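Open the model in your viewer and keep the selection tool at hand. The stops below say what to select and what to look for.

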Amino acid sequence: MPNSSILSVESDLIDETTKKKMIDDNQSMDEFPMFSSKVRALMAQVDDSELIRPDFDLTVYINKLFPTEQSLAQLDVFMKKFDEEIEQCEQDLSKAVAEHGRCAVDANNTLLQAKSMIGELDQKIKEMRGKTRCSEDSVFELTKDIRQLDVAKRNLTESITTLHHLHLLLNGVNSLIQWVSNRQYRDIAIELPAVLNVLILFEDYQHIEHIKNLMEKLQKIREQLSVQLIGDLKSAFIVSSGQIGSQTTDMCRVMAVLGGQLQDNFIEWFISQQLGIYGVLYADSEDVAWLDKIEERYRWFVNKLAEYERTGLTRIFPQQWEMGRRLAKEFCSMTRNSLGRMMTRRKSEIDWKLLVHAINHTQMFEQLLTKRFPAKDEYDFEKIIWSVFDEHVDIFLNEQQNKISHFLNECAAKIRSGEERPKKEIHSSAIPLPSATNMFLLIKKIITESTKLFADANNVLSKLIEIFRQCLRQYAHGCLSAFLPQTFSQISSTLSGVGLIGTSSILQNLIRDETSPSARLTQDQIYFTCCILATADWSAETTVQLQEKLKQKISPADLSQESELFYSISNSSLSILVQDAEMLCEPSLQAMTKINWSNIEQVGDESPYVSTIRKNLRPTVPLIRDYFSERRKYFAHFCMKLATNLVNKFLGAIFKCRPISIAGAEQLLLDTHSLKTFLLNLPSIESSIVIKPLQMYTNTLNKGMARAEMILKAVMADTSDPNEFVTHYMRILPDSDVSELQRILEMRSMRKADQQQLVQLYKTKLESGKGDNQTVTNTKTMSTFETLAGSAGIPSSLASFGDSSMRKLEKLVRKM
């Protein structure tokens, strides 16, 4: 029912009073204030009726109570109920207001009571403070006399102590005067420390005349005692015939008490008196002082030290003097200075054996001193004399350089005579040459000797680094590279460098020489080349290890160039093996170019030259694989290099096969597939275990042979529609260029005008942008291999297979 109908019924049934009351209630609801969220939450806890909600809607509420006209019959009941609730609320509100009023009165009374108690507490605190002050005054008065007595006691005690010290000082001075006159050194040694200690207590009383006189008197006694004591001590050590009495011990005790410059002068005099004869016996001009008799120096001092201890001098001198250590230190200082002067003056007379003799005896003597006198304060006898020999380290360096040169010459002579060449009948695989192991053992021995013979071993090592570099380089060049077999490509490269190859006839003669059986390496040469490769590889790895060991002692140790040199020799050895294997395929590729491919009318089996290549490589590759059984990575590189070079040469031979018919191109396409199949199985040829080749090898080979196939397909393509031919050509050979297209067209026996038309069209499409997203750089298969080798983590020295001489030869062959 709409709201308007309900209100009209109400206006008919409710009297004027009720209507007025409802209007008032509506007005009061409209004026109902908006309370905060906290007040509304408390109201909700008291009553959850919707009448107290802020968003209360009276019309909606009435329609909810009286949805129909019949429900208006209960209006009186509802009104009565609400009147009772209102009355109850008013009663509760009145009670709450009354209760609140009572609470306010109680709180006010409690506050007044608390203020009263605080006032009382403050009064009591003031009273306690006053009583405390009175107590303090009373205690101060009571202890005043006690404090005075304490001060008097302290002053009296200090006075008695001072008088006692003064008495001791007076008695001590009088006694010292008498004892010094009578040379009673035992009593002086006992009394003098006490007198000196008491004298320190009177330093603040020097303004008193009596104390000042006592101090001056004691100073005169000390001066008299010093002069008398030094004379008596010197007389005792000079006159005595090996027997020193207790009187001397007492004099030394007195000397220790006096201390200062007097003590130092006496100790210096005693040491010079003991070692004076040593300076005379082993003067620089004496023969016995030279290095060849250096052990006699040390023997003399050992005897002197034993005599010093045997005569009881160790008990005579005070322990704090460390007379034995002082004596040994002075001897070492004199010996070091004497040896330094003589070796500088007579350096030309020093050889390595003499220097080692002197160093060894010096080390033994220092070990004896260190054992007898352990390091203490400034007395440390380790390397005290030994360090003087470091100034002549050049003698050691020259000796080691001569030793290394002699060793390398012997190694080269043994390799040249065949004594050090491994025998393939004894070893199934290639092994490093024994000289490589001996060389690194020699380096290790030199390092050990330098550590043992010189005090500053790190300084010597830093100077040995350059000698080690020369040793490694000389071994690499003189014992490895020098004995690598010379191949045809190396000889031709040398001749080209001096301009001796200038005509095609000479080149053809060289090629004939290359393909002759005498140009091939013998099996012994192949095995020895593999051994050199194994030696260079092992030496490179050992050089890296040597560098790491040296860096633990000296930071600037760098042998990276030498390790790279050994890797380059491994690279050269591998290139020689590859070039030797290529010679087997050269006659077949030459036979391929001599076939008249334009007369071939139908495709048959593979051509004979493919069978010849397969036949020639079958015995060679397994032999290399067996030699590299312990270095499989090099066999993988060998296969990669060989396959790559064969693919390049095969591509060059294809361009020489002109003119060529369609059937001839199809036959070449078949031969290309057969050769690719053979090369893919090349790493496992003649092996009982077939191993899948490396992905890098497969990718490189497939890419090179795919290019050959695309070139042949371009030869076979129809040229009736030039535009379609050029488009097809750019699709199958996207990285081609104009020169390559020219060579392919020459293989087809086309007229020059037709060739020029296609070439011009190809240039036009390239320049007009028809060849977008295509590279016009002629990417070589070798560069692809180098990229793949670098990404596979192969050392840079192994990845650089390119041989400049081989590239020059290939260019000359292509120009033919």
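Start with Leu281, a residue of helix α9. The model is a predicted one. Leu281 has a relative accessibility of 39% and so counts as partly exposed.

**Aromatic rings**

Stay on helix α9 and select Tyr278, then Phe331. Both Tyr278 and Phe331 are buried. Which two helices hold these residues? Tyr278 belongs to helix α9, which spans residues 260-281, and Phe331 to helix α12, residues 323-345; the pair links distant parts of the chain, 53 residues apart. Now extend the selection to Tyr282, Tyr298, Trp300, Phe301 and Phe365, which with Tyr278 and Phe331 form one aromatic cluster.

How many aromatic pairs does the structure hold? The total is 25. A pair to view next is Phe66 with Phe78, which is edge-to-face, with 5.4 Å from centre to centre and 85° between the planes. Phe66 sits in the loop between α4 (58-65) and α5 (75-182), while Phe78 is in helix α5, so this pair ties together parts twelve residues apart in sequence. Is Phe66 buried or exposed? Phe66 is buried, at a relative accessible area of 6%. Phe78 is partly exposed, its relative accessible area being 25%. For contrast in geometry, go back to Tyr278 and Phe331: their ring centres are 4.7 Å apart and their planes stand at 55°, so that pair is tilted.

**Arginines over rings**

Select Trp290 and Arg346. Arg346 lies over the face of Trp290, 3.9 Å from the ring centre. Then select Phe655 and Arg743, where the charged end of Arg743 sits over the ring of Phe655, at 4.0 Å from its centre.

**Helix α26**

Next, select residues 738-746, which are helix α26. Which of its residues are buried? They are Glu740, Leu741, Gln742, Ile744 and Leu745. To see what covers these buried residues, show the helices around them, including α22 (632-656), α24 (695-716), α25 (722-732) and α27 (752-767).

**Salt bridges**

A search of the whole structure gives 25 salt bridges. Select Glu309 and Arg372, whose side chains meet in a salt bridge with an N to O distance of 2.5 Å. Glu309 is in helix α10 (residues 294-310) and Arg372 in helix α13 (residues 352-372); this pair links distant parts of the chain, 63 residues apart. Glu309 counts as partly exposed at 29% relative accessibility, and Arg372 counts as partly exposed at 38%.

Move to Glu322 and Arg325. Their closest N and O atoms are 2.9 Å apart, and the two residues form a salt bridge. Are these two residues buried or exposed? Glu322 counts as buried, with 15% relative accessibility. Arg325 is buried too, with a relative accessible area of 12%.

Then select Glu466 and Arg469, which meet through their side chains in a salt bridge of 3.1 Å, N to O. How are Glu466 and Arg469 placed in helix α16? They are three residues apart in this helix (residues 457-480), so about one helical turn separates them. Arg469 is buried, with a relative accessible area of 18%, whereas Glu466 counts as partly exposed at 36% relative accessibility.

**Last stop**

Select Lys594, which is found in helix α20 (residues 560-594). Its relative accessibility is 68%, so Lys594 counts as exposed. Finally, select Lys656 as well and draw a distance between the two C-alpha atoms. Lys594 and Lys656 are 62 residues apart along the chain, and their C-alpha atoms are separated by 8.8 Å.

Conventions
Residues numbered from 1 in each chain as written. Predicted model: local features only at pLDDT ≥ 70, side-chain atom pairs only at ≥ 80, totals over all residues. Heavy atoms only, no water. Phe/Tyr/Trp six-rings, centres within 6.5 Å; stacked < 30°, edge-to-face > 60°. Helix = DSSP H or I, 4+ residues; strand = E, 2+ residues; numbered from the N terminus. Buried < 20%, exposed > 50% of the residue type's maximum accessible area, 1.4 Å probe, protein only. Lys NZ or Arg CZ within 6 Å of the ring centre and 35° of its normal. Contact = heavy atoms within 4.5 Å. Salt bridge = Lys/Arg side-chain N within 4 Å of Asp/Glu carboxyl O.
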